[in-house]
Amino acid sequence: MQFPISKNSALSFASVVDLLLDAVCVVDAHGYFVFGSAACESIFGYTPEEMIGRRMIDMVHPDDREMTLQAAQRIMSGQTHLHFENRYLRKDGQVVHIMWSARWSDSDRLRIAVARDVTARKRSELLQAATYAISESAHAAGDLATLFEKIHQIIKNLLPSPNFAVALIDAKTQSLNFPYCVDVRQPGHSPRTAALDAFCQEVIRSEQILLLNRDASAEIPEHPGMLFDEDLKCWLGVPLKSQNGIIGALLLKSYVGDAAYGDKDKELLQYVSTQIATAIERVQLFTRLQYLAQYDELTDLPNRGLLHDRLKTAITRAHRERRFLSVLYLDLDKFKQVNDTLGHALGDQLLKAFAHRLKKCVRESDTVARVGGDEFVLLLESEHLPDTGLSAIHKIRDAFDDPFFVNEHTIRIKPSIGVAHYPEHGVEVHELLRYADSVMYIAKKRVDEYTPR
């Protein structure tokens, strides 16, 4: 290839600019480098000789190529371009932020530009923005799934992270789960792999940020050779540390052809990991409080407040669509005796077992709620006459013919049941619940009267 700048002219030009900290680059009309000063190597990782003949756009970060080509066209049309910023990929795969000042020499048919490495300043700005964005996400996200999507976008602004996973340790079982896992190379398959699990476990075990490259001699001793297949380039992982200890890890990986990770990426990820751990715990706490506001902690059934909301909605739907619904009120017979003789701890276990069996008696779409003590309410909707409630009563009675086996105790216990039908026995929430409760009370009183003492 012939270049429009002579060798002597290039050498003379180089003698002037080689002492500059900023890099001077000259690109021809076809987009190929024809000159690079000595500072190019410290910025781009390529020697000036390696850059000459290389296509400029191939060194630009893929996400910035379109805007870079547009800027080049403006410069070649005669516009002087000052302080244009984009990202390049260094020879070692690292991302570097460049600020350019460039002009077009029409007589020489050359684009002459001065490049300044602004990576440190850019990273500082991005870190400040990331810290603020993480805090905002923790307050705005209503659930963990939304939070993890936002965190992934924030991390993408800091470093290349198309393949990103969040692992969390279950507080009760101490098992590892991956509530967020994205791998662009495996869109139709489960991104969770044995290699991902092994790397994550090592990050959590060591409590240290880990960067493993294909060329690195260090391997995870327990899983030698399994972390790198033929397409994988490197792993980057950081433990999520909070005041309560390690709660999980952030995990990134890059494939051959992707940007490599380095020490600066480790620093960035480690810097934001504490804020991310705090954000995760905040959303977990918010989710837990929301759950406790609507569900019974012992049985995991809807509580009285959630039952009222669902019953109100069901009544509206029944009125609009001319549907029927039944409300069943249940109270365990002789439950106080169980508590008094066997203790409240066993009584709680019995309630959990009762709730579990009760749920099996109805459809998935029905509501089974615990409204207090040993009292339960079922909400059943139907398109037909209210025989659904009556058939449910028979099914429940049959289901509780069998005893419960709790902590080596055999316990026979049945519920007294009262039923109310909409609209026959009421059209408001309190009317239906009051009617069903009164019928249940009559049934319970009958049991007490006829039970031998």
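Gln174 sits in the loop between strand 6 (164–169) and strand 7 (176–182), with strands taken as DSSP runs of E at least two residues long and helices as runs of H or I at least four long, both numbered from the N terminus. Its phi is near 65°, a positive value in a residue other than glycine. Gln174 is also exposed, at 57% relative accessible area; exposed means over 50%, buried under 20%, and partly exposed in between, with a 1.4 Å probe and protein chains only. This is a predicted model, so local features need pLDDT of at least 70 and side-chain atom pairs count only at pLDDT 80 or more, while totals for chains, interfaces and linings use all residues. Residues are numbered from 1 along each chain as its sequence is written, and side-chain values use heavy atoms, with hydrogens and water left out.

His83 has a positive phi too, about 60°, although it is not a glycine. This residue is found in strand 3 (residues 81–89) and is exposed, with a relative accessible area of 54%.

Strand 1 (residues 23–28) is another story. Six of its six residues are buried, so the strand is largely enclosed by the rest of the structure. In a regular strand, side chains alternate between the two faces of the sheet. Here both faces are covered: Ala23, Cys25 and Val27 are buried on one side, and Val24, Val26 and Asp28 on the other. Strand 1 runs antiparallel to strand 5 (residues 110–117), joined to it by six bridges; pairing calls for at least two DSSP bridges between the strands. Asp28 has Leu110 as its bridge partner in strand 5. Strand 1 also pairs with strand 2 (residues 33–36), again in the antiparallel sense, over three bridges, and Val27 is partnered there with Phe33. These two strands make a hairpin with four residues between them, and Gly31 in the turn has a positive phi of about 90°.

Further along, the peptide bond from Tyr422 to Pro423 is cis, with omega near 5°. Pro423 lies in the loop between strand 16 and helix 14, and His425 lies in the loop between strand 16 (415–422) and helix 14 (429–450). Leaving out residues up to four places away in sequence, His425 touches Val419, Ala420, Glu431, Leu432 and Tyr435, where contact means heavy atoms within 4.5 Å.

Helix 9 (residues 263–294) holds Leu285, which is exposed at 51% relative accessible area.
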